[in-house]
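Look at the charged side chains in this structure and at how they pair up. The report below takes the salt bridges one by one, then turns to one helix and to the confidence of the model.

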Amino acid sequence: MTAVTDSLIFRTILSTPASASIWSDTTRTSYYLRIEAALATVQARLAIVPQRAADEIVKCCDVTLVDWEQLERETVLVGYPVLGVVRQIVGRVNEVEGGLGEWMHWGATTQLRDTLVLVEECFDSITESLSDLCETHKTTPVAARSNLQQAIPMSFGFKLARLLATFHRHRTRLAELRARLLVLEFGGAAGTLATIPEVGLRCQEELAKELGLAVPDIAWHTERDRVAEAGAFFALVTGTCAKFALDVKLMMQTEVGEVSEPYVPHRGSSSTMPQKRNPISCAYITAMASTVRQLSAALFDAMVEDHERSTGPWEIEWIVLPQICTLTHATLKQTSELIAGLEVRPAAMQKNLEISKGAIVSEAVMMGLGKTLGRQYAHDLVYDLCHEAAKTGKPLLELLIEHPEVKLSRQELEKLCDPANYLGYSVEMVERVLRLVKQERHNEVHEMRSNTYDV
């Protein structure tokens with residue numbers, strides 16, 4: 001095994017069949033051929049090449065006709081796969097009519113794109129599952145944690161809504177990225193379109209239209225900010241997944257037990273400890289996201305390209321982009337499945353809220369007492385009582401009732417000491433995020449319908 005996509009064991013864990021297919025030799029070469037066919041079609045339309053030549057070129061732009069062994073030999077010899085592909089098509093077209101194939105690749109270069117569709121599909125499934133969980137648990141109390149210690153209560157839905165809001169921002173980033181990334185690069189040897197006088201810019205525009213790409217303002221062959229931005233985007237997205245995976249791992253610990261990964265018989269089991277249920281998806285998400293971050297840094301090295309055609313940095317993209325894209329999709333798939341099947345245990349959350357004997361609501365108590373005792377004095381009093389509760393195991397509520405300086409009634413103190421009464425604006429913020437996501441979805445559906453009617 002030289003890559004996870006080659007492994008019979010790991011290819012559906014650390015990669016996905018859909019993303020691996022996009023970056024396979026067959027699909028990559030079919031993209032080359034699609035571009036060549038589109039170019040021939042456009043150039044015939046503009047009378048740059050004969051229509052008969054274009055027709056035969058299009059017929060021969062069939063990936064099933066590629067001689068892979070010959071392509072490998074020529075790529076090793078020349079250093080680039082495109083020339084080998086072009087030569088094979090030229091040869092086939094010339095078999096139809098001598099010299100006809102020489103119109104092939106008339107002043108052209110090629111470019112790749114994709115994977116973003118798979119990413120968006122994962123965003124859809126993640127958003128749907130998160131929305132359901134947020135709605136279900138928008139009032140479920142759980143301990144917020146600061147520096148790995150219990151801080152104050154919040155709702156579990158609030159925790160999940162922050163993740164949902166992050167993916168909402170990623171969807172916005174994806175739309176912005178598409179506009180900058182999906183741009184044609186067609187400019188000839190140095191980007192000036194010198195081989196197509198008079199109709200060069202028109203040819204560029206028509207080719208972009210044929211391929212569904214935007215027209216570039218200027219050549220960008222050695223200005224690779226578009227590709228580096230895509231790598232940074234994938235690092236951001238997988239980093240978000242890894243943050244959630246880390247929280248799940250911590251909440252899955254035996255002593256915490258507030259959530260678990262979806263149950264599948266024997267998944268996460270130990271070879272020697274039958275009771276174990278290890279966080280498997282979270283472990284893969286963590287490893288893959290870290291790798292994407294490291295690989296994406298290489299794309300910033302690839303930006304440092306010499307003059308108008310580089311001597312090495314561009315090839316960095318060939319090495320890392322397939323890995324970044326397959327790992328990103330696999331990370332999103334694992335995250336989507338984790339969220340969709342997440343086991344939530346409100347009873348364990350409530351039990352953990354009681355561990356500190358009421359100290360988790362010390363802020364609420366302090367603010368309540370501060371109205372009569374003064375904030376700082378109340379802070380010091382509650383601090384001492386929390387320390388005593390931890391030392392003696394006596395509930396903070398009972399210590400407050402017994403303290404001579406605390407004048408509130410038992411009913412008032414019980415209200416202050418109930419974690420469910422100190423969720424702040426958890427519910428309101430969850431509902432705000434849900435409305436935002438719902439409105440975005442409504443706008444997307446409306447736009448899709450409008451585009452359908454336009455067609």
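A network of salt bridges links Arg45, Arg202, Glu206 and Glu210. This is a predicted model, and a search of the whole of it finds 20 salt bridges. Three further pairs are listed here.

| Pair | Closest N to O distance |
|---|---|
| Asp124 and Arg171 | 2.8 Å |

Where do Lys59 and Glu56 lie? Both are in helix H3 (residues 51-60), three residues apart, which is about one turn of the helix. An α-helix has 3.6 residues a turn, so residues three or four places apart point the same way. Lys59 has a relative accessibility of 57% and counts as exposed, because the cut-off for exposed is over 50%. Glu56, at 10% relative accessibility, counts as buried, because it falls under 20%.

Lys243 and Asp247 belong to helix H9 (residues 225-252), where they are four residues apart and so separated by about one helical turn. Is Asp247 buried or exposed? Asp247 is buried, with a relative accessible area of 14%, while Lys243 is partly exposed, at 44%.

The salt bridge between Asp124 and Arg171 joins two helices: Asp124 lies in helix H6 (residues 116-136) and Arg171 in helix H7 (residues 156-181), so the pair ties together parts that are 47 residues apart in sequence. Asp124 is partly exposed, with a relative accessible area of 32%. Arg171 is buried, with a relative accessible area of 9%.

Next comes helix H13 (residues 362-373). Its buried residues are Ala364, Val365, Met366, Gly368, Leu369 and Gly370. What do the buried residues of H13 pack against? They pack against helix H14 (375-392), helix H15 (396-402) and helix H16 (410-416). After H13 comes Gly374, which has a positive phi, near 95°.

The last topic is confidence. The mean pLDDT of the protein is 89, and 91% of its residues reach 70 or more. Confidence is highest in strand S4 (residues 343-344), at 98, and lowest in helix H5 (residues 81-96), at a mean of 80. Over residues 103-112 the pLDDT stays under 50. For residues 103-112 the model has 44 contacts beyond four places in sequence.

Terms used. Residues numbered from 1 in each chain as written. Heavy atoms only, no water. pLDDT = per-residue confidence, 0-100. Contact = heavy atoms within 4.5 Å. Buried < 20%, exposed > 50% of the residue type's maximum accessible area, 1.4 Å probe, protein only. Salt bridge = Lys/Arg side-chain N within 4 Å of Asp/Glu carboxyl O.
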